Number of protein chains: 2
Amino acid sequence: MSKKTTGREVKAFAPATVANLGLGFDILGLALVGPGDTVTARLVREKGVRMGSITGDGGVLPNDAGANTAGIAAAATLRRTGIKEGIELDLEKGLPIGSGLGSSAASAAAAAWAVNRLLGSPLRRVDLVEPCVEAEEAVSGRHADNVAPALLGGLILVQSLDPPDLVRLPVPEGLSVVVVTPDFVLNTRDSRSVLPESVPLKKVVRSTANIAAMVSACYSGDMALLARCVTDEIVTPARAPLIPGCGEVMDAALNAGALGSNISGAGPSVFALCRSPISAARAADAMKAAFAEAGLESTALISPADCPGARST
Amino acid sequence: MSKKTTGREVKAFAPATVANLGLGFDILGLALVGPGDTVTARLVREKGVRMGSITGDGGVLPNDAGANTAGIAAAATLRRTGIKEGIELDLEKGLPIGSGLGSSAASAAAAAWAVNRLLGSPLRRVDLVEPCVEAEEAVSGRHADNVAPALLGGLILVQSLDPPDLVRLPVPEGLSVVVVTPDFVLNTRDSRSVLPESVPLKKVVRSTANIAAMVSACYSGDMALLARCVTDEIVTPARAPLIPGCGEVMDAALNAGALGSNISGAGPSVFALCRSPISAARAADAMKAAFAEAGLESTALISPADCPGARST
């Protein structure tokens with residue numbers, strides 16, 4: 001703790017998230033169990049937000065609070081409360097950067113949560129979404145499909161971004177997620193640069209049919225329907241070539257019994273939705289083997305599909 | 001009854017339908033109460049399908065069974081049963097042609113239902129979708145968003161067309177539909193010719209968000225969410241200019257308290273979704289007045305959103 005602190009501090013955690021889920025580009029995301037980022041926010045005498053220590057990032061993150069999603073989200077949260085305070089943030093990265101696990105969103109969500117708590121929770125949880133979107137915009141484009149589930153937990157539909165209109169979708173009983181992260185860095189900005197500018201109407205029709213069916217399957221618990229609709233013809237064909245072995249990894253997941261498999265966020269992580277934790281374990285092994293075939297080591301995370309979001313620790 | 005008949009006949013009815021619902025181009029449709037087409041099918045000695053009488057069409061429909069959706073659907077249904085019979089169809093049009101109320105689909109659905117019943121119901125109700133899609137394809141393009149609700153009733157999502165993968169969506173309690181049909185003919189083929197070939201990715205994102213939210217609102221009964229998502233930036237801007245007063249009619253519906261309003265099918269009918277029959281009556285008056293301002297007389301139909309499909313009468 002810095003000598004200039006007043007002694008009050010809050011430590012908060014926000015989880016990894018899978019955005020897009022293949023078919024829900026920029027509008028769907030879900031929170032994962034396990035890894036995430038931790039931010040400690042403390043009151044200091046000097047007004048504004050600044051970074052204290054940053055650990056677990058391999059030294060790559062900027063120490064300038066204005067260039068870091070934790071710092072930007074903290075400042076935007078502070079501004080939104082209207083309270084004039086000085087806040088110092090320690091950031092412990094638990095998520096790899098550029099992995100498609102919502103690393104920048106987890107830092108932002110943990111920082112926004114910590115700052116709001118530190119100030120006595122003047123804002124509702126959902127009010128923290130906009131400050132976090134502001135942070136995301138600074139590093140990887142204006143989207144809420146990571147920050148919304150990182151804050152709120154569960155499976156979230158971003159019906160609208162400005163202003164945020166978020167819908168929590170139910171998750172079928174037992175639905176499990178496996179996310180396999182290869183030892184390969186893919187910058188979100190690069191991954192966004194290959195996106196198509198426009199989409200043929202026929203693909204739009206199939207895409208809207210798939211997302212509509214997926215939402216229906218979430219409510220009805222129809223896993224067979226889920227398996228018929230978790231597919232994407234718009235973004236995945238453009239991004240898959242950026243990730244060695246991507247197609248093979250998705251095929252391996254399906255062959256191992258997964259309901260669907262696609263790129264997690266902007267990649268290079270690949271996720272699969274599975275009907276049970278046992279099925280997810282089987283898919284994880286197959287997906288890791290397929291990445292190994294492509295010459296990449298990888299780690300697998302198995303998670304329920306309905307996990308909590310940001311919280312104090 | 002023709003002298004060549006064997007005496008057995010079945011009379012069937014299929015209702016009007018609202019396709020697209022604005023935001024679900026080619027994938028959403030719902031059945032209406034009230035008007036529809038009626039087909040009487042009878043066994044005759046000469047093999048194959050032929051038309052008997054056609055009434056209510058103002059003399060515009062072809063008497064050739066191969067050029068008429070009732071005849072095409074009947075022949076496709078007969079073929080699918082594998083039964084060699086001769087069938088004669090009488091068609092009573094209760095729906096105006098080229099109105100956006102699924103007129104061609106109602107003829108096809110009534111014919112398919114009548115033929116299947118006449119043959120002892122060898123096919124399931126859902127098996128009649130493909131024969132009806134074949135008929136639709138011949139007159140207005142390959143789509144199932146009219147024939148599926150005309151056959152199955154209710155609100156139907158066409159998740160996939162080949163093969164048909166249909167999902168019945170629940171309808172929020174009290175949800176009512178008003179459809180206002182102006183005295184103005186718009187051919188479906190013309191209406192399809194103005195469709196954009198491709199759609200900017202940003203619009204695709206908003207479109208998928210809207211349809212996902214609509215499906216969620218159907219399950220949760222969240223009428224306020226429904227009001228925020230029944231909108232379309234893809235097809236409506238291209239088609240609305242073909243219909244005099246279209247924009248004003250949709251605005252009038254919203255100003256009168258409708259949750260959403262858009263073009264019914266390929267138009268020129270305009271529908272509105274309302275939270276109650278009373279709200280629908282208010283919207284209907286406002287919409288008719290707006291069409292009158294544009295110089296068009298119109299008729300309004302008010303219906304629950306969850307109505308039965310094809311049936312014997």
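β5(B) and β6(B) pair in the antiparallel sense over five bridges; strands count as paired if DSSP finds at least two bridges between them, and the elements themselves are DSSP runs numbered from the N terminus, with helices (H or I) of at least four residues and strands (E) of at least two. Keep in mind that this is a predicted model, where local features need pLDDT of at least 70, side-chain atom pairs count only at pLDDT 80 or more, and totals for chains, interfaces and linings use all residues. Residues are numbered from 1 along each chain as its sequence is written, while chains are lettered from A and ligands numbered from 1 in the order in which they are written.

**The β5–β6 hairpin of chain B**

- β5(B) and β6(B) make a hairpin, with four residues between them.
- Within that pairing, B:L155 has B:L169 in β6(B) as its bridge partner.
- β5(B) also pairs with strand β2 (residues 28–44) of chain B, again antiparallel, over three bridges. Here B:G29 sits opposite B:I156 of β5(B).
- Is β5(B) enclosed or open? Five of its six residues are buried, so β5(B) is largely enclosed by the rest of the structure. Buried means that 20 or more other C-beta atoms lie within 10 Å of a residue's own, exposed means 12 or fewer, and partly exposed is in between, with C-beta atoms placed from the backbone.
- B:P164 lies in the loop between β5 and β6 of chain B. B:P164 is partly exposed, with 18 other C-beta atoms within 10 Å.
- Leaving out residues up to four places away in sequence, B:P164 touches B:V129, B:E130 and B:A144; contact means C-beta atoms, placed from the backbone, within 7 Å. B:P164 and B:E130 are 34 residues apart in sequence, yet their C-alpha atoms are 7.2 Å apart.

**How the two chains meet**

- Chain B can be laid on chain A by a turn of 180° and a shift of 0.0 Å along the axis, with an RMSD of 0.0 Å. That is how a two-fold axis relates two copies. The superposition is by least squares on C-alpha atoms of residues with pLDDT of at least 70 in both copies.
- The contact involves 33 residues of chain B and 33 residues of chain A.
- On chain B, the elements giving two or more residues to this side are β5 (155–160), β6 (165–169), β8 (198–200), α6 (201–220) and α7 (223–229). Which of them gives the most? That's α6(B), with 12 residues.
- By class, the side of chain B that touches chain A has 22 nonpolar, seven polar and four charged residues. Nonpolar covers Ala, Val, Leu, Ile, Met, Phe, Trp, Tyr, Cys and Pro; charged covers Asp, Glu, Lys and Arg; the others, Gly among them, are polar.
- Of the interface residues of chain B, 100% are also interface residues in chain A, so the copies meet through the same surface.
- Strand β8 (residues 198–200) of chain A runs antiparallel to β8(B), and three bridges join them. A:V199 stands opposite B:V199 there.

**The four-stranded sheet of chain B**

- This open sheet has the strand order β9-β10-β7-β11 (chain B), with antiparallel pairing. β9 (260–263) and β11 (298–304) of chain B are at the edges with a single partner strand each, so one side of each has no neighbour in the sheet. From one strand to the next, the twist averages 20°.
- Seven bridges link β7 (residues 176–182) of chain B to β11(B).
- Helix α9 (residues 246–255) of chain B lies across β7, β9 and β10 (270–274) of chain B, at about 160° to β9(B). Helix α10 (residues 277–293) of chain B packs on the sheet too, touching β7, β10 and β11 of chain B, and its direction makes about 15° with that of β7(B). The axes are lines fitted to C-alpha atoms (for helices, over the stretch in contact), and angles run from 0 to 180 degrees between N-to-C directions.

Methods:
Contact = placed C-beta atoms within 7 Å.
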